[in-house]
Structure formats: C-alpha cells, structure tokens
Amino acid sequence: MTTLAAKATDILARLGADPARHTGGSMASFSPVTGEQVAALVPDTADTTDAAIARAGAAFLAWRLVPAPRRGELVRLLGEELRAAKADLGALVSIEAGKSPSEGAGEVQEMIDICDFAVGLSRQLYGLTIATERPGHRMMETWHPLGVVGVISAFNFPVAVWSWNTALALVCGNPVVWKPSEKTPLTALACQAVLDKALARFGDAPADLSQVLIGGADVGAALVAHKGVALISATGSTRMGRQVGPAVAARFGRTILELGGNNAGIVCPSADLDMALRAIAFGAMGTAGQRCTTMRRLFVHDSVYDALVPRLIKAYGSVSVGNPLETQALVGPLVDGAAFDAMQVALEAARAAGGTVHGGERVSVGTDAAFYARPALVEMPDQLGPVLEETFAPILYVMKFSDFEGVLHKHNEVGAGLSSSIFTTDLREMETFLSAAGSDCGIANVNIGTSGAEIGGAFGGEKETGGGRESGSDAWKGYMRRATNTINYSRALPLAQGVVFDID
Ligand code: NAD
C-alpha cells in the first residue's frame with residue numbers, strides 16, 4: 001500500500017468511515033499530490049440511488065415535525081464533532097484535493113463556522129406578519145421544511161460545500177442526499193462518519209437523514225432527475241449547470257446553482273499598491289488557481305501599470321510550487337492531467353491572441369503522475385479569446401485601462417458573475433463599483449481580493465454562475481417553502497379587493 005493511501009485509510013478508520021464503501025470497489029480515487037491511487041470505491045447504481053432517495057423521503061416525514069431548535073441541537077453536535085476531527089479531516093482534504101495543510105484545515109474551520117451559524121438560525125426561521133385590508137383578519141408567512149435536498153459538489157471544496165448545504169438543510173427540517181465529486185469521494189465518506197457520531201449522540205433522529213452517493217455524473221444525473229428530491233443544490237462548472245438546471249426545471253423542482261466564475265480585479269490610480277499586490281497574489285495563485293472565486297482577470301490603470309505589474313511578474317517567477325504535504329510551497333498541484341492540458345490550451349490561445357505569457361510551465365516534483373505548474377501571468381492587449389472563459393487553473397490575464405467607465409463595461413462583459421474587487425482609495429470609484437452601475441457580480445469587494453469569503457454573507461453569483469445563494473444571510477430561505485396564511489377571527493366574511501359575492 002502506498003504512503004498516502006495508508007494515511008487516508010488510517011484517517012478514515014479513526015473517523016469511523018465504513019471500509020466496505022472505499023475498499024475493493026471499481027472506482028479509483030487518486031491524490032493530486034503524488035498522482036497515486038488512494039482508494040477503490042464501490043460506486044452507487046440507479047437502484048441504490050433510488051433506494052437512498054426513498055429512505056430520505058421517509059426521514060423527511062419525521063424530521064420535519066421535530067422543532068427547529070431541537071434540529072439545531074444536532075448541528076451543534078456536528079460542530080463539536082468537526083472540532084474534534086479537524087486535524088484528520090483537514091489532512092484528508094489535503095490528500096484528496098491537494099490543498100496545503102493550512103487551506104485544508106481552513107476548509108474544516110469553515111464547516112465549524114457554518115454549524116455555529118446554523119445553530120443560531122434554528123431559532124430564527126422568521127416569517128413576516130403583514131397588514132391586511134380586511135377587518136378582523138390577520139395575515140402572516142410561515143416557513144416549512146421543503147423536502148429531500150440533493151447536494152452535488154465540486155472537487156475543489158470537497159467538504160465545505162456539503163456543510164454549507166447540510167447545516168442549513170438540517171435545521172430547516174430537510175434530509176440530505178449528497179453526490180460528491182468523483183475526484184474527492186473519501187472526504188465525503190469521512191464527513192458522513194463525523195455526522196454519524198453527532199447523530200449517535202443526538203439519539204432520536206430518524207435514520208438516513210444524511211446519505212452519500214458515490215459515483216460520477218451519471219449518479220448525479222439520477223439524483224437530478226428524481227421527483228423525490230425537492231431541491232438540487234449543485235456546485236460545479238457552468239457546463240454542468242447547463243445540464244442540471246433545465247433537467248430540474250422540467251420537473252418543476254427547485255435549484256440552487258453555484259457555477260463557474262471569471263472573477264476580476266480593478267486597480268485604480270489611487271490604490272495602495274503594496275496591499276493590492278498581496279491580495280492579487282493570494283487571489284490569483286492561492287489553491288493553485290482552483291477556487292471558484294480565483295482572480296482570473298486584472299485591469300490595471302495605465303498610470304500605475306509599470307509600478308505594479310513588474311512586481312507581480314517577479315512574484316509569479318519566485319512563488320514556491322511543490323508538494324504541499326512535504327514542503328512549505330504556496331502553490332500545490334492541479335487536480336489532474338486534464339487540468340494541466342486545459343491550462344496549456346488556454347495559454348496557447350492567449351499567445352495566438354497577442355498575449356505575453358510569464359510562467360505556466362510544468363514543474364517537476366519527481367513523478368510524472370502528478371501535475372504541478374508555475375502560475376501564469378499573461379499580459380493581454382485586450383479582453384479576447386480565452387480571457388472571456390474560466391480555465392480552472394492559475395492563469396491571471398492582465399490588461400491596461402485608462403477610462404473608469406470603460407473598465408466597468410469590460411469587467412461585466414464576461415458570462416460569469418461570481419466575484420469581483422476594486423483597489424482604490426477614491427470614494428467615487430468605490431461607490432460606483434458597488435452601485436447598480438458597477439460590478440454585476442454576486443460578490444463585490446473593495447481593497448481585498450476576489451476569494452476568501454466568510455460564511456456570514458450569502459455566497460453565490462449571477463448570470464452563468466447560476467444565481468444561487470448558499471451559506472449565510474437569508475440563504476436559508478432557499479431550503480424552505482413559504483406559506484402565506486390569512487386568518488379570519490371576525491364574524492363577517494369580507495372579500496379582498498371589495499369583491500361582492502352574496503348568496504341567499
Ligand atoms: P464539474 O462540473 O466537473 O463537477 C461538479 C459536480 O457535478 C461533480 O460532482 C460531477 O460529478 C457532477 N456532474 C457533472 N455533470 C453532471 C450532470 N450532468 N448531472 C449531475 N451531476 C453532474 O466541476 P469540478 O471540475 O468538480 O469543479 C470545478 C468547477 O466548479 C469550476 O467551474 C468552479 O468555478 C466551480 N465551482 C463553483 C463554486 C461556486 O460556489 N460557484 C464553488 C466551487 C466550484
């Protein structure tokens with residue numbers, strides 16, 4: 001057994017994951033860190049998927065009747081179990097997704113944070129009371145559990161996305177059926193094991209409140225097509241969303257779509273360039289450019305271009321790239337060879353469109369099975385060709401601008417609408433960027449980068465990013481159904497809008 005496989009097996013055993021699901025199966029799982037196989041999983045089938053959804057439907061009938069603050073107690077226990085499992089789960093994220101130990105632990109911290117948020121939320125599922133036009137009447141909104149929530153997640157946040165959905169779904173009264181990325185199934189089995197510990201301590205929850213389906217797009221598609229799933233919360237590429245969105249709409253199901261981003265930063269003449277440099281470096285190169293919120297486009301005012309861009313190019317040339325488990329490297333692996341190939345195709349297209357490429361070459365780590373690349377900074381003459389699309393790799397396209405109105409137009413020209421940031425100390429530029437005439441993204445930041453959102457805010461984006469919102473603020477409303485109730489406590493029956501309908 002290879003080293004990382006042995007480590008992963010040890011962690012799974014410590015967390016209590018069922019070995020029958022990740023040993024001896026036909027679905028191989030690899031670590032991007034070394035390229036080695038770490039497990040052989042047993043995939044789900046159409047029959048086991050159907051059965052899991054049926055069990056979740058039965059769990060819903062019981063869980064929806066449990067008072068919300070009591071449901072919150074389960075999520076409080078989940079938060080406690082996650083605190084105890086943080087080191088192990090973070091290490092497994094590093095093995096399976098290739099994140100640095102700090103980023104792996106940070107992802108688990110995000111899970112703990114959303115649990116804390118959801119516990120409070122379990123006492124705050126408020127509805128409005130609304131003035132009625134009829135005397136002796138009262139009108140109000142009530143929020144009810146929705147039904148089975150199907151979660152589909154991407155490889156790059158293999159555990160946080162599940163927790164965003166599951167913590168909220170559980171306090172809202174819904175069971176969850178999760179189809180994780182086929183590239184990160186082990187972390188999913190680990191999360192299930194951690195939740196099982198919380199369920200055991202909770203005591204009287206219905207069986208099958210949370211289940212994991214192992215498999216690829218076919219298993220995800222079966223979940224998407226199933227009428228027993230009230231909400232599909234799908235995180236991944238816009239390509240995936242183009243298939244999932246219409247399929248769920250065709251059966252009048254509900255979706256939360258969290259899709260690709262093509263996030264930009266704008267550096268204005270008054271910007272604090274030292275701060276901008278650090279924010280851009282983390283936003284564009286961190287997590288090897290494999291965050292949905294990674295900065296992919298940078299517009300720099302021509303008055304500060306020469307003061308900023310050569311420093312950025314230097315940072316790109318010197319940033320450490322390497323095995324995140326054995327070195328302190330800031331840039332780890334791409335998820336697989338296909339990601340490296342897609343990066344090279346985009347860089348070639350950028351060259352053909354007149355771009356000057358700095359970096360982007362493969363970095364050797366002593367094995368051909370893992371794919372590491374030096375992040376690429378590409379000076380582009382304009383927003384052309386590959387700049388308009390998300391390539392899920394560390395490529396930053398840098399362009400000059402001179403006119404603020406014009407750069408806002410360029411900023412919003414792309415299909416995706418996830419995250420954005422402006423670097424300025426000019427109040428007018430800042431407020432314009434945040435106004436209705438400014439950034440069209442779901443996230444708009446000032447003097448910080450595009451990535452690294454906190455769980456307290458609603459997370460998601462517009463246009464081809466799908467329009468969904470998860471995590472904080474009032475995102476919980478997406479996991480519940482709303483009923484408007486009107487109660488007549490008078491002795492008369494006045495009709496709304498003064499309509500008369502008297503019968504003898
Ligand atoms: P992907 O689209 O290849 O896969 C995501 C998930 O969708 C996987 O679980 C996959 O099995 C499933 N899937 C694919 N086709 C499906 C179908 N037809 N029906 C049902 N399920 C299907 O994405 P990836 O490569 O794992 O992740 C990278 C992408 O995810 C990037 O585009 C990134 O921007 C995006 N992402 C977005 C967010 C966000 O919150 N907006 C967060 C993380 C990642």
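Buried means under 20% relative accessible area, exposed over 50%, and partly exposed in between (1.4 Å probe, protein chains only). The model is predicted: local features need pLDDT of at least 70, side-chain atom pairs count only at pLDDT 80 or more, and totals for chains, interfaces and linings use all residues. Residues are numbered from 1 along each chain as its sequence is written, and side-chain values use heavy atoms, with hydrogens and water left out.

**Exercise 1.** Classify the ring pair Trp143 and Trp476, and state whether the two residues are buried or exposed.

*Solution.*
Step 1. Rings of Phe, Tyr and Trp (its six-membered ring) pair if their centres lie within 6.5 Å; planes under 30 degrees apart count as stacked, over 60 as edge-to-face and the rest as tilted.
Step 2. A search of the whole structure finds six aromatic pairs. In the pair Trp143 and Trp476 the ring centres are 5.2 Å apart and the planes stand at 70°, so the pair is edge-to-face.
Step 3. Helices (H or I, at least four residues) and strands (E, at least two) are DSSP runs, numbered from the N terminus. Trp143 belongs to strand 4 (residues 137-145) and Trp476 to the loop between strand 22 (470-471) and strand 23 (480-488), so the pair ties together parts 333 residues apart in sequence.
Step 4. Both Trp143 and Trp476 are buried.

**Exercise 2.** Classify the ring pair Trp162 and Trp178.

*Solution.*
Step 1. The ring centres of Trp162 and Trp178 are 5.3 Å apart and the planes are at 15°, so the pair is stacked.
Step 2. Trp162 is in helix 5 (residues 160-171) and Trp178 in strand 6 (residues 176-179), 16 residues apart.
Step 3. Trp162 has a relative accessible area of 2%, so Trp162 is buried. Trp178, at 0%, also counts as buried.

**Exercise 3.** Describe the open sheet of five strands and find its edges.

*Solution.*
Step 1. Two strands pair if DSSP finds at least two bridges between them. The strand order is 7-6-5-8-9, with parallel pairing.
Step 2. Strand 7 (210-212) and strand 9 (254-258) each have a single partner strand, so one side of each lacks a neighbour in the sheet.
Step 3. Five bridges join strand 5 (residues 148-152) to strand 8 (residues 229-235). Val151 stands opposite Ser233 in strand 8.

**Exercise 4.** Which residue has its ring under the charged end of Arg70?

*Solution.*
Step 1. A charge sits over a ring if NZ of Lys or CZ of Arg is within 6 Å of the ring centre and within 35 degrees of the ring normal.
Step 2. The residue is Phe202, with the charged end of Arg70 3.8 Å from the ring centre.
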